[in-house]
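The sequence and structure come first.

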Amino acid sequence: MSQVSGFLEGERDYGNLKGDTGPLVYPAGFLYIYSALQHVTRGQVYPAQILFGLLYIVNLAIVLSIYVKTSVVPWWALSLLALSKRVHSIFVLRLFNDCFATTFLHAALFFLLKQKWHLGLIIFSAAVSVKMNVLLYAPALLILMLQAMDVFGVISALAGAALVQILLGLPFLLTHPVAYLSKAFNLGRVFIHFWSVNFKFVPEPTFISREFAVALLVAHLGLLTVFAHYRWCRHEGGLPSLLRLKIAELSSFSMTRFYCTSSTTKLLRTEYIATTMFVGNFIGIVCARSLHYQFYSWYFYSLPYLLWKTPFPTLLRLTLFVVVELCWNVYPSNVYSSLLLLVVHLVVLGGLWTASPGNPYADDPNSRLTTKKKQP
């Protein structure tokens with residue numbers, strides 16, 4: 001609330017927007033949401049907790065609909081989604097903006113499962129406007145778009161997402177664009193070692209070093225590339241084959257064709273869409289330099305799904321789920337809890353690697369195509 005007070009008083013320079021916790025580092029969507037909360041609750045905590053309790057229920061309903069639609073997790077295991085003490089704290093006690101970003105992300109995924117790519121991208125962009133962590137899903141989402149749509153559909157969907165960012169950031173882009181872009185989308189932030197839940201066992205000088213950050217970035221990009229080539233794009237013959245196909249389509253791009261012809265859309269399996277999105281985000285979680293306590297909401301709701309996508313026995317899945325929850329409830333985190341969390345993350349990632357990727361397409365992509373007319 002202290003960070004949005006300057007915005008409500010008319011300040012449009014992101015460099016001057018600060019609060020008790022430091023400078024404002026979130027995009028414009030955050031400002032609008034918390035300004036509305038300021039107006040509705042008059043800055044009081046209890047009314048805000050009621051609203052966040054409702055948000056928690058809405059988010060849970062969306063997640064349950066995703067789980068039911070994919071049919072990966074047995075019905076009894078759906079109860080795991082409501083059993084996290086830490087997530088309850090994040091939503092109803094701490095009132096973090098991660099809650100809104102997570103809810104928007106799940107809403108976007110819900111429409112992606114319905115093959116509503118343009119609408120899904122718009123809601124995804126709205127989630128990014130609240131907090132940048134949503135971009136961890138972006139590489140996997142791009143792969144899905146390239147598989148589901150031709151290059152013209154991908155361009156139009158990305159244009160819609162970009163338009164959302166421009167419109168939301170317009171008051172700041174028109175006045176102090178450099179300050180807005182550098183503060184709201186700062187990818188080089190160094191987090192405080194004390195609050196790290198995952199790499200607390202790393203000495204602080206190493207933790208804040210550029211070398212450690214670069215090593216994690218290389219690992220992140222490497223894992224994404226390996227999963228994309230050998231798992232997500234396996235049906236197309238690998239990532240280079242998919243990219244070559246899209247480059248060939250792009251070489252024949254013309255604005256006349258873009259506006260006047262239909263766009264070819266391939267139906268992807270709902271399970272494949274959810275799996276690719278959740279795994280792509282989880283890779284980012286594993287390689288994140290610092291996970292603060294509120295960051296648990298970034299992947300908790302995908303955790304049961306990911307565990308049931310592994311070939312592990314049910315008892316091991318439940319054990320891993322409980323261990324992750326326990327690690328996130330150790331305060332402050334220590335060498336042992338953070339190391340244990342990393343080990344469990346790697347075990348789950350290894351299980352996901354051994355899982356069969358399957359056919360991503362609901363229909364044979366070579367013979368049965370669903371063609372939709374492109375909207376002008």
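Buried means under 20% relative accessible area and exposed means over 50%, with partly exposed in between. The model discussed here is predicted. Q44 has a relative accessible area of 49%, so this residue is classed as partly exposed. Q44 belongs to the loop that runs between α2 (28-41) and α3 (45-70). Although 43 residues separate Q44 from M1 along the chain, their C-alpha atoms are 9.9 Å apart.

Another loop residue, D13, sits between α1 (2-8) and β1 (18-19). D13 is buried and forms no salt bridge. Two distances from D13 are tabulated below.

| From | To | Distance |
|---|---|---|
| D13 side chain | G15 backbone nitrogen | 2.9 Å |
| D13 | K18, nearest side chain of opposite charge | 8.2 Å |

With residues up to four places away in sequence left out, D13 touches H176 and A179.

The interior is considered next. In soluble globular proteins, nonpolar side chains tend to be buried together. Here the largest nonpolar core comprises 112 residues, and W117 and W328 have the most contacts inside it. Helix α14 (residues 270-286) is the biggest contributor to this core, supplying ten residues.

Which residues is W328 in contact with, leaving aside neighbours within four places in sequence? The contacts of W328 are R86, V197, L291, H292, Y293, F295, Y296, Y299 and L341.

Technical notes. Residues numbered from 1 in each chain as written. Predicted model: local features only at pLDDT ≥ 70, side-chain atom pairs only at ≥ 80, totals over all residues. Heavy atoms only, no water. Helix = DSSP H or I, 4+ residues; strand = E, 2+ residues; numbered from the N terminus. Buried < 20%, exposed > 50% of the residue type's maximum accessible area, 1.4 Å probe, protein only. Lys, Arg positive; Asp, Glu negative; His and termini not counted. Salt bridge = Lys/Arg side-chain N within 4 Å of Asp/Glu carboxyl O. Polar contact = N/O pair within 3.5 Å; in protein donor to acceptor, adjacent residues only side chain to side chain. Contact = heavy atoms within 4.5 Å. Core = buried A, V, L, I, M, F, W, Y, C linked by side-chain atoms within 4.5 Å.
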